[in-house]
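Biologist: I would like to learn how to read a sheet and the helices around it. Can we take one feature at a time?

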Amino acid sequence: MATPVDGASALVEEVIEVLDARAEAIKAGRLEDYLRGINTTDAGFTVSQKQYYANLQQLPLGRFGYTVPKSSTPSTEGDTTTLLVLVRLQLDGYDAVPVTTPARFSFVRNTEGMLVLSAAHDRAWERRHDVDLAPWDLYPIRAEEESGVLGIFDEASVDAADEILDAVRDGAGQVQATVPFDWNGHVVVYALSSVDVLASLDNLPGGDPDALDGVAFPVRAGADSTKVASTRFMIHPRMIRRDEPLRDRLVRHELTHVAMGPRDDNVPIWLSEGLAEFVSVQPVPAYERMISRDALEAAQAGMTELPRDDSFNGAESSQNYGIAWYACEYIAATFGQDTLWRVFDEMRRAGGTSEARQDDVLREVLGVDSSEVAEAAGKKIIATFG
């Protein structure tokens with residue numbers, strides 16, 4: 001049983017000194033100083049800590065450091081002292097603000113009586129507190145950076161780094177040329193051979209990582225913060241070496257979400273996903289564009305409503321993405337692409353638009369409601385695909 005530490009303030013000051021030295025060693029690239037601050041008598045811990053150091057040395061660290069919050073009370077169990085530590089890390093050129101991640105750090109005294117780090121993770125505690133970890137916190141990574149694209153790979157996926165970076169760089173340029181707002185094109189992409197990080201994301205669409213080819217996700221400044229440090233995206237392992245046109249369309253889709261950032265948080269999902277599909281196909285010749293058979297069959301059966309938020313990423317997701325795309329295609333073809341983006345702007349105005357109120361916006365901007373948009377989208381799908 002862990003117990004509070006008597007004279008905790010002096011111990012906390014000592015912990016802060018150890019952590020400050022650790023942060024400086026990481027930022028300066030001094031491995032020897034870094035190792036001096038850990039318990040090297042534990043071979044497994046030493047290996048994992050060397051790997052963590054190697055991971056961070058590959059990243060474009062802007063700000064990096066540790067904070068012990070005033071509320072953190074050290075506790076002891078045997079010779080080990082444990083307390084809450086906040087890790088702050090900002091990727092230079094990619095994160096608007098540092099990302100703060102809570103951690104349970106443990107310390108022991110070495111043979112010289114110096115306080116040293118003995119544990120940097122408590123998996124059970126992290127799960128209980130829903131702590132989101134980045135790939136570099138979990139296992140060996142291979143980071144590659146090119147022209148504002150930071151790719152996070154692992155040993156089993158890094159051989160595809162050049163292809164992925166090229167696809168993302170080209171896709172970013174194509175998205176920038178299509179969306180009617182400024183975006184610098186800088187993005188972090190995870191292309192890992194495991195779905196572990198994908199599966200750990202909060203609010204994963206549909207809840208099944210294997211049902212998604214990719215996903216864009218916000219990285220918040222902290223668990224309780226409303227600030228978004230950046231929007232990153234992740235490619236499912238099966239898509240890393242997939243047929244290039246299909247993969248590149250997926251990349252453009254996810255990059256559209258990255259470019260939008262929080263702009264599309266409070267609009268109907270059909271509009272958010274439909275716009276991402278609409279942007280993703282712009283570089284593709286019309287005769288090469290494909291839609292799911294499910295969407296075509298739904299159109300042939302007759303459509304009278306747009307996909308709903310609560311079931312969009314469910315069993316009929318392939319149908320819903322196609323319908324959402326063609327709802328946007330219908331609006332752009334009939335009223336103009338500028339009007340399509342005006343619908344988006346009006347939907348996100350004043351905190352966003354619910355499904356219950358979307359017809360008000362559609363009637364105001366287009367003069368038609370969601371049922372009429374759905375019916376027209378279905379007819380356009382049939383006219384285009386069969």
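Biologist: Which residue of E9 does Ile152 stand opposite?

Modeller: Start with the general idea. Strands of a sheet pair through backbone hydrogen bonds, either parallel or antiparallel. Now the case here, in a predicted model. Ile152 stands opposite Tyr190 in E9. E8 and E9 run parallel, joined by 4 bridges.

Biologist: How many bridges join E7 to E8, and do these strands run parallel or antiparallel?

Modeller: They run antiparallel, with 5 bridges. Glu146 has Val149 of E8 as its bridge partner. The hairpin of E7 and E8 has 2 residues between the strands. There, Ser147 takes a positive phi near 50°.

Biologist: Is E8 buried or exposed?

Modeller: First, the general idea. In a regular strand the side chains alternate between the two faces of the sheet. So check both faces. On one side of E8, Val149, Gly151 and Phe153 are buried. On the other, Leu150 and Ile152 are buried too. That is 5 of the 5 residues of E8, so the strand is largely enclosed by the rest of the structure.

Biologist: How many bridges join E9 to E11?

Modeller: There are 3, and E9 (residues 187-191) runs parallel to E11 (residues 228-235). Ala191 has Ile235 of E11 as its bridge partner.

Biologist: At what angle do H8 and H9 pack?

Modeller: Two packed helices are described by the angle between their axes and the distance between the axes. H8 (residues 244-260) and H9 (residues 269-280) pack at about 125°, with axes 8 Å apart. That makes H8 oblique to H9. Their crossing is right-handed.

Biologist: Which residues make the contact?

Modeller: From H8, they include Arg249, His253 and Met260. From H9, they include Glu273, Leu275 and Val279. By class, the contact has 4 nonpolar, 5 polar and 4 charged residues.

Notes
Residues are numbered from 1 along each chain as its sequence is written. This is a predicted model: local features need pLDDT of at least 70, side-chain atom pairs count only at pLDDT 80 or more; totals for chains, interfaces and linings use all residues. Side-chain values use heavy atoms; hydrogens and water are left out. Axes are lines fitted to C-alpha atoms, for helices over the stretch in contact, and angles run from 0 to 180 degrees between N-to-C directions. Angles under 35 degrees count as roughly parallel, over 145 as roughly antiparallel, 65 to 115 as roughly perpendicular and the rest as oblique. A crossing is left-handed if the near helix is turned anticlockwise from the far one by less than a right angle, and right-handed if clockwise. Contact means heavy atoms within 4.5 Å. Ala, Val, Leu, Ile, Met, Phe, Trp, Tyr, Cys and Pro count as nonpolar, Asp, Glu, Lys and Arg as charged, and the others, Gly among them, as polar. Two strands pair if DSSP finds at least two bridges between them. Buried means under 20% relative accessible area, exposed over 50%, partly exposed in between (1.4 Å probe, protein chains only).
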